[in-house]
Protein chains: 2
Amino acid sequence: MSDEKDIKREQVFQYIISGIAKGEFRAGQSLSERHLSAKLGVSRTPVREAFRQLENLGLVRAEPHKGVTVSYISADQVRQLYLIREVLEGLGARLMAEIQNKDDIEKLRMLMEQAEDAAARDDISALSRINTQFHITIASASNNPYLETTMEMLQTHISLFMSNTLAQSGRPRQNLKEHWLILQAIESGDSALAEEAAKFHIRNALKTMMRNVLTYTNKDKVVEGKHDY
Amino acid sequence: MSDEKDIKREQVFQYIISGIAKGEFRAGQSLSERHLSAKLGVSRTPVREAFRQLENLGLVRAEPHKGVTVSYISADQVRQLYLIREVLEGLGARLMAEIQNKDDIEKLRMLMEQAEDAAARDDISALSRINTQFHITIASASNNPYLETTMEMLQTHISLFMSNTLAQSGRPRQNLKEHWLILQAIESGDSALAEEAAKFHIRNALKTMMRNVLTYTNKDKVVEGKHDY
DNA sequence: TGAGTATAGATGGTATACCATTATATTTTT
DNA sequence: AAAAATATAATGGTATACCATCTATACTCA
């Protein structure tokens with residue numbers, strides 16, 4: 001088992017990703033190779049390689065001789081991401097309905113039961129985790145690695161910069177309901193309905209997101225000063 | 001004007017990309033950092049950074065302490081890429097029909113006229129170029145950078161490993177016809193029709209591709225030996 | 001005083017050197 | 001002769017050193 005986790009480039013990559021997720025690295029902030037490498041106790045080489053990966057994912061912007069800065073995501077960009085997510089989630093659900101893999105369907109159903117449990121306990125954090133798993137399961141069950149990768153990338157963009165949509169009352173219930181509809185359509189083998197249910201779900205998620213996004217869109221508050229690392 | 005073209009990492013990246021496109025670097029072949037850096041007269045650092053970019057695009061696979069090998073794409077993978085392309089091209093056409101930007105629509109029309117010209121001259125190479133432009137224009141006109149980027153990536157995967165579908169008689173005519181249908185729908189502002197026309201077009205392109213793909217799918221012939229660079 | 005300029009420090013880009021791991025060739029052993 | 005063990009070479013991973021460019025500060029001069 002050749003675990004790639006002892007590759008430093010990967011460690012640095014994960015560190016920065018989670019730093020962005022936790023809000024330690026804010027949009028617009030620039031990251032210094034030297035300071036990061038010093039802080040993490042590695043050389044600049046793996047840091048630079050991690051930067052290239054982040055750059056390709058669009059999470060940071062790199063200017064020659066100026067370094068990288070954490071990308072800023074606007075409300076409109078979130079909207080655009082969701083437009084893509086809508087058709088891709090639709091495709092995923094459609095494919096899963098066509099494939100009819102019992103194990104995958106079973107997993108979805110299991111997740112839904114866990115979600116109902118969590119909802120009964122008002123365990124928002126668990127709900128959020130299960131929600132993520134639900135979508136990952138569909139992507140994976142589509143048997144299309146490119147779809148999986150692409151959706152992962154979209155999700156990274158969305159989730160790294162936004163607090164989760166589910167983290168507000170009212171939405172969790174509706175969210176569950178929509179998930180059940182998707183699952184039902186998939187189980188029945190109605191691929192067209194599954195696709196539409198998934199698209200409907202994402203459209204609604206976007207609406208909720210947009211209702212919140214203004215709260216978090218504080219472009220003005222972003223400190224443009226260099227190197228807070 | 002800070003052109004990024006004097007950054008060596010980018011030069012190396014382009015060199016490898018075009019090498020793969022030209023068939024000089026074949027699927028399964030492994031690439032040596034040292035030999036590439038020697039051949040290009042640069043150090044290993046920019047080569048490694050280029051590798052990371054290629055890795056993120058999925059064009060090469062990297063194994064710790066084993067280096068990178070050019071990814072192999074199978075007929076089935078092409079099919080999966082086209083499934084995604086279908087919904088994304090549909091989304092692009094739909095958005096363009098909604099936006100109704102005169103300049104972009106005009107550009108599409110201009111391209112179609114050029115295409116008719118090229119078709120009359122049986123200029124396959126020009127047709128291929130115009131065809132690419134047609135799709136790029138739609139992606140760009142969608143006003144969704146993520147869509148543009150994602151479709152670019154898919155196209156890279158497809159075009160780098162396959163000879164162009166248009167390069168066979170019969171298809172160019174049908175291709176033109178389908179493009180006209182898309183343009184018509186966009187001009188009329190019928191976004192649903194535009195989406196369907198685009199999806200229909202990609203489905204047909206896939207069919208043609210699949211008819212050819214077996215000819216080029218020679219997994220067995222791939223030399224697995226190391227470092228042909 | 002303020003605009004322009006020179007200069008010093010910091011930063012990113014690149015090259016080179018060193019180490020760990022892997023692959024290959026050689027030797028040894030049965 | 002075949003298989004195992006060992007030595008050697010090649011390769012990728014990382015660290016360090018050097019150079020080019022940028023930024024900011026201080027200084028000059030109108």
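Visitor: How do you know that the span of helix 8 of chain A agrees with its 18 residues?
Guide: This is a predicted model, so the check uses computed positions. The expected span is 1.5 Å times one less than the number of residues. For residues 171–188 that should come to 26 Å. The end C-alpha atoms of helix 8 are 26 Å apart, so the two values agree.

Visitor: What makes a residue of helix 8 of chain A count as buried, and which ones are?
Guide: A buried residue has 20 or more other C-beta atoms within 10 Å of its own. A:Arg171, A:Pro172, A:Asn175, A:Leu176 and A:His179 are among those that pass. In chain A, buried residues make up 37% of the 229 residues.

Visitor: What follows helix 8 of chain A?
Guide: A:Gly189 follows, with a positive phi near 80 degrees.

Visitor: Why is the relation between chain A and chain B called a two-fold axis?
Guide: Chain A superposes on chain B by a rotation of 180 degrees, with 0.0 Å of shift along the axis and an RMSD of 0.1 Å. That is the relation of a two-fold axis. The same surface serves both copies, as 95% of the contact residues of chain A recur in chain B.

Visitor: What makes up the contact between the chains?
Guide: Chain A gives 22 residues and chain B gives 21 residues. On the side of chain A, helix 3, helix 4 (75–99) and helix 7 (145–161) each give two or more residues. Helix 4 has the largest share, 8 residues. By type, the side of chain A that touches chain B holds 11 nonpolar, 7 polar and 4 charged residues.

Visitor: Which helices supply the surface near DNA strand C?
Guide: At least two residues each come from helix 2 (33–40) and helix 3 (44–57) of chain A, and from helix 1 (8–22) and helix 3 (44–57) of chain B. Helix 3 of chain B gives the most, with 3 residues.

Visitor: How many residues of that surface near DNA strand C are charged?
Guide: 10 are charged, alongside 7 polar and 4 nonpolar.

Conventions. Residues are numbered from 1 along each chain as its sequence is written. Chains are lettered from A and ligands numbered from 1 in the order in which they are written. This is a predicted model: local features need pLDDT of at least 70, side-chain atom pairs count only at pLDDT 80 or more; totals for chains, interfaces and linings use all residues. Helices (H or I, at least four residues) and strands (E, at least two) are DSSP runs, numbered from the N terminus. Ala, Val, Leu, Ile, Met, Phe, Trp, Tyr, Cys and Pro count as nonpolar, Asp, Glu, Lys and Arg as charged, and the others, Gly among them, as polar. A residue is buried if 20 or more other C-beta atoms lie within 10 Å of its own, exposed if 12 or fewer, and partly exposed in between; C-beta atoms are placed from the backbone. Copies are superposed by least squares on the C-alpha atoms of residues with pLDDT of at least 70 in both. Two residues are in contact if their C-beta atoms, placed from the backbone, lie within 7 Å.
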